Amino acid sequence: MPNAFSRIEDLETTVVILSELAAAHEAEKALLARVACCRYSDAATFAIKLALEEGMNNAIKHGNKFDADKTVELVYDISEDRAIITITDQGCGFNPSAVPDPTVDENLEKPTGRGVMLMHAYMDEVAYNATGNQVRMVKRNT
Amino acid sequence: MESSGDLVLDVRQQGSAIIVRLVGAVGMTEATLLGRQLDELVQQPGAVVVLDIEHLDFICSSGLGALINAQAKARPYEGQVRLARPCPLVMRLLETTRLTNLFDVYASVDEAVAG
Amino acid sequence: MQQDHPRMTVTSEGGVTVVELTDRKILDEVNISRISERLQGLVAKAESPKFVLDFSSVMHMSSSALGMLITLHKRVREKKGQLRLSGIQPAIYEVFVITRLNEIFEITESVEKALKTLS
């Protein structure tokens, strides 16, 4: 469906930031302001904010490891029917299926894996590229 | 009272318990401050720390990490971190992460203090 | 004064539809939905529609009107048309900047300038 893709590209906003939490916060604010314009429910807004925060956190901390020479690219397309968010870092990627399940008893107190699990739990679609340095997430406004 | 970014944190004593009121949102930036504050509070013998989260409308995994850390640090001191009055969205998050197994959640601050 | 219907003036200039929103305030959800329906109706009728939406008279606008504009933009693009926004007051433009929608919409100072870019 090439048409669907060209349509989506028309509304995309691309933001490239340094690997800093403050820069991520600014970019997230702009995205969430757009979500606020598009009349998402409180639950959907919470889901988008959470997945965005987790995705940016992973990109900066685990992907780029706070390397000042590396950047994170945030691309988003928010409309009244759905939000599409793609986050790409310049790290060497990871294997999402190798992340331990943080909800089993023996992992409950471990600090890792919760972000990735939450993105899957709160978004309608979550997909990684082959390298594992890019995540694309979709939330539908239902 | 302390504030960091989108979070305001207010600590007070009620009987033998310490009540920490969290207002706003805990993202990655705020999680660090929250962790530091809680670490100090829980490392006292028998400390009961009640987090009043009625007006906490957002918390990410880094923030949850700070809570989990505090609970783990309270244990050798025979203390406990308890949660009071989560809003429905935060309650759902606690259930999704199964952290309801790690924290006792109460409908009011008084009930949380009583345990 | 209570408005039963949001007001707009629709004119056609050399194949370009110019829609002037004449309410000073676009705040009410029901009004925004009505504006949205009417604009989408106009777009649906047109073949590769060329639209200028003039905001010169609008002093206050709810952020959910921006959601309506995003949808309109999508519909126009689906029909391989073009949309220009013009005459946006500084206070409203600020919201476009915060949401970075100024990067998505083509915004001109006046209807005249918008028409020149649509030739």
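Are C:F96 and C:F105 buried or exposed? I will come back to that pair in a few minutes. Keep in mind that this is a predicted model.

Chains first. Two pairs of chains touch, and the pair with the most contacts is A and B. Chains B and C have no contact with each other; their closest C-alpha atoms are 18 Å apart.

Now one residue in chain A. A:E54 is in helix α3, which covers residues 42–63 of that chain. A:E54 is buried, and no salt bridge goes with it. The nearest side chain of opposite charge is A:K61, at 8.1 Å. A salt bridge here needs a side-chain nitrogen of Lys or Arg within 4 Å of a carboxyl oxygen. What A:E54 does have is a polar contact, side chain to side chain, with B:S61 at 2.6 Å. Leaving aside residues up to four places away in sequence, A:E54 touches A:G115, A:L118 and A:M119 in its own chain, and B:C60 and B:S61 in chain B.

Staying with chains A and B, there is a ring cluster. Ring pairs link A:F46 and A:Y122 with B:F58. Charged side chains also sit over two of these rings. A:K49 lies over the face of B:F58, 4.4 Å from the ring centre. From the other chain, B:R92 places its charged end over the ring of A:Y122, at 4.5 Å from the centre.

Next, aromatic pairs in general. Over all chains, a search of the whole structure gives five. One of them is A:F94 with A:Y128, an edge-to-face pair with 5.3 Å between centres and 90° between planes. A:F94 is in the loop between β3 (82–88) and α4 (114–122), and A:Y128 is in strand β4 (residues 125–128), so the pair ties together parts of chain A that are 34 residues apart in sequence. How exposed are the two partners, A:F94 and A:Y128? A:F94 is partly exposed, with a relative accessible area of 32%. A:Y128 is partly exposed too, at 21%.

That brings me back to chain C. C:F96 and C:F105 also form an edge-to-face pair, 6.1 Å centre to centre, with 75° between the planes. As for the opening question, both C:F96 and C:F105 are buried.

To recap on A:E54: this buried residue has no salt bridge, and its side chain makes a polar contact with that of B:S61.

Key:
Residues numbered from 1 in each chain as written. Chains lettered and ligands numbered in written order. Predicted model: local features only at pLDDT ≥ 70, side-chain atom pairs only at ≥ 80, totals over all residues. Heavy atoms only, no water. Contact = heavy atoms within 4.5 Å. Helix = DSSP H or I, 4+ residues; strand = E, 2+ residues; numbered from the N terminus. Buried < 20%, exposed > 50% of the residue type's maximum accessible area, 1.4 Å probe, protein only. Lys, Arg positive; Asp, Glu negative; His and termini not counted. Polar contact = N/O pair within 3.5 Å; in protein donor to acceptor, adjacent residues only side chain to side chain. Phe/Tyr/Trp six-rings, centres within 6.5 Å; stacked < 30°, edge-to-face > 60°. Lys NZ or Arg CZ within 6 Å of the ring centre and 35° of its normal.
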